[in-house]
Amino acid sequence: MKQIKIFVYIVMVVLIVSCKQEENKEKDRPYNVLMICVDDLRPELACYGNSIIKSPNIDLLASGGLLFKNHYVQSAICGPSRTTLLTGKISQKWDTWEEYRKNKIEPENPIALPHLFKKNGYTTIGIGKITHQPGGVLDEEQLIDQIPFSWDSTYTAVGKWKTPWRAFFAYANGDAHNTAMRIGVETPRLPYEAGEVDDMGYPDGLNAMEAVKQIRKLKQEKNPFFLTVGFFKPHLPFNAPKKYWDLYDRNQIPSADNNYPPKNLNNPYSLNKSPELTTHYPWPDGPGIVSEESTKIVKHGYYAAVSYIDAQIGLVLEELKRQKLDKNTIVVLWSDHGWHLGEHGIFGKMTNFNIATNSPLIIKVPGSNSNGKIANAIVETVDIYPTLAELCEFKTPDDVDGKSLVPILKNPREIGKQFARSFYYRKNALGKTIKTDQYRVVRWASEKDSTLAIELYDHLKDPHENVNISSDNVALTDSLLTQMASLKFLDDDVNFAKGWE
């Protein structure tokens with residue numbers, strides 16, 4: 001009996017030592033990266049202070065990582081924001097890789113984050129919406145990568161919807177609809193749906209399962225990896241399984257209390273008429289009009305879509321942990337911009353207001369002393385590229401426009417930047433804006449750089465940007481505009497866009 005006990009004890013010791021050795025090996029390996037991109041997600045999450053939204057999995061990630069409270073995108077629209085994320089350069093372009101695809105000659109310098117990782121020996125996988133194109137592909141057969149030389153595999157799960165764009169605008173029965181994209185014009189649908197389906201009844205559930213499959217495969221291959229998973233929701237249409245709609249009492253979801261234009265805003269550039277919501281679908285209220293009843297439905301649908309995506313993110317993170325890859329995998333959660341839910345009478349993105357330019361950013365670095373904390377520093381999407389390069393010990397290209405966030409990841413009290421830059425085009429005017437700790441200033445200018453309109457908001461007194469105080473604070477406004485003029489926004493040879501609506 002005594003010998004059996006000794007034997008059991010020895011076996012237990014060997015197992016403990018073996019586990020410790022395996023754990024240390026994981027820590028000693030190069031960092032993997034799991035980057036989660038969520039479309040149109042504003043900081044409407046419990047971890048950001050919203051007590052109504054149900055987002056337990058993102059909240060759990062935030063509790064184990066560093067939450068950036070003041071993260072700003074470079075432009076509150078999908079394509080340029082995603083191009084900026086992937087290149088580390090401020091861009092107005094939806095596709096900056098066309099010449100590389102045409103020439104078919106791989107450049108020495110990396111042209112995107114996945115290219116950087118691939119050149120450093122990583123397996124690179126993209127699933128869902130990462131670039132503007134769902135699946136990161138340009139064709140329905142998913143054979144032509146938008147970013148060449150970069151991916152071992154990039155695709156989206158299309159299921160019964162059959163093509164990437166139809167999957168992006170999917171309804172539970174296999175329909176798809178978006179008038180502007182000329183998708184499903186024969187099957188017009190309202191821009192929301194509570195489907196009587198399980199999580200696999202919409203494409204984001206399928207994308208989550210693809211991510212789970214890839215994580216299992218990557219575990220077996222034992223090569224460092226860069227895995228990016230892009231979820232479609234809460235982008236319109238606000239379609240989610242009914243069980244996520246049932247999480248909320250519609251009457252308990254408050255409407256925006258500033259559903260009116262800012263005072264002293266006398267220009268045609270700053271506001272939009274909710275084109276995505278009210279013209280891309282057969283909208284019952286009419287173009288640019290959202291009734292009180294519709295407001296409640298739309299906000300309910302947005303919340304349901306957020307909770308649906310949160311559940312899919314949970315599946316991916318659980319699998320990462322189950323495969324014991326969480327010990328040496330950096331996790332980044334990012335959204336391409338915020339989204340108005342009635343603020344200033346707008347439903348959508350495409351503005352220079354804080355509600356559109358501020359989006360969630362959470363970075364979890366294994367073993368970091370900053371995990372579970374909040375950083376108040378001003379940071380930008382353009383900073384993510386050099387951050388991942390530094391964390392993974394790659395040489396950061398000299399021409400990136402961002403600044404590594406590693407100092408803030410080491411010390412969340414680090415001050416960070418003085419300004420966050422954003423821009424938007426509308427009605428032949430370029431609107432540039434900078435956000436400081438206290439102020440947001442916006443300048444709208446013509447193609448010849450003549451000033452058309454100015455806005456200034458004091459976030460200490462007016463955090464929701466309801467009063468334009470520029471005309472009453474000329475010296476302050478001029479000082480901020482002078483500082484704005486010294487910052488890089490876009491290349492000098494920028495092609496002036498004629499309004500992105």
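Q: In this predicted model, buried means under 20% relative accessible area and exposed means over 50%; is Trp339 buried or exposed?
A: Let's begin with the number itself: the relative accessibility of Trp339 is 0%. The limit for this class is under 20%. Trp339 therefore counts as buried.

Q: Where is Thr154, and is Thr154 buried or exposed?
A: Thr154 has its place in strand 4, which covers residues 153-155. Its relative accessibility is 7%, and the limit to compare with is under 20%. So Thr154, in strand 4, counts as buried.

Q: How many aromatic pairs does a search of the whole structure find, and why is the pair of Phe117 and Phe394 edge-to-face?
A: The search finds 18 aromatic pairs. In the pair of Phe117 and Phe394, the ring centres lie 4.9 Å apart and the planes meet at 80°. Planes over 60 degrees apart count as edge-to-face, so this pair is edge-to-face, with its planes at 80°.

Q: Which parts of the chain does the pair of Phe117 and Phe394 link?
A: Phe117 sits in helix 5 (residues 113-119). Its partner lies 277 residues apart from it in the chain. Phe394 is in the loop between helix 12 (384-391) and helix 13 (406-410).

Definitions and conventions. Residues numbered from 1 in each chain as written. Predicted model: local features only at pLDDT ≥ 70, side-chain atom pairs only at ≥ 80, totals over all residues. Heavy atoms only, no water. Helix = DSSP H or I, 4+ residues; strand = E, 2+ residues; numbered from the N terminus. Buried < 20%, exposed > 50% of the residue type's maximum accessible area, 1.4 Å probe, protein only. Phe/Tyr/Trp six-rings, centres within 6.5 Å; stacked < 30°, edge-to-face > 60°.
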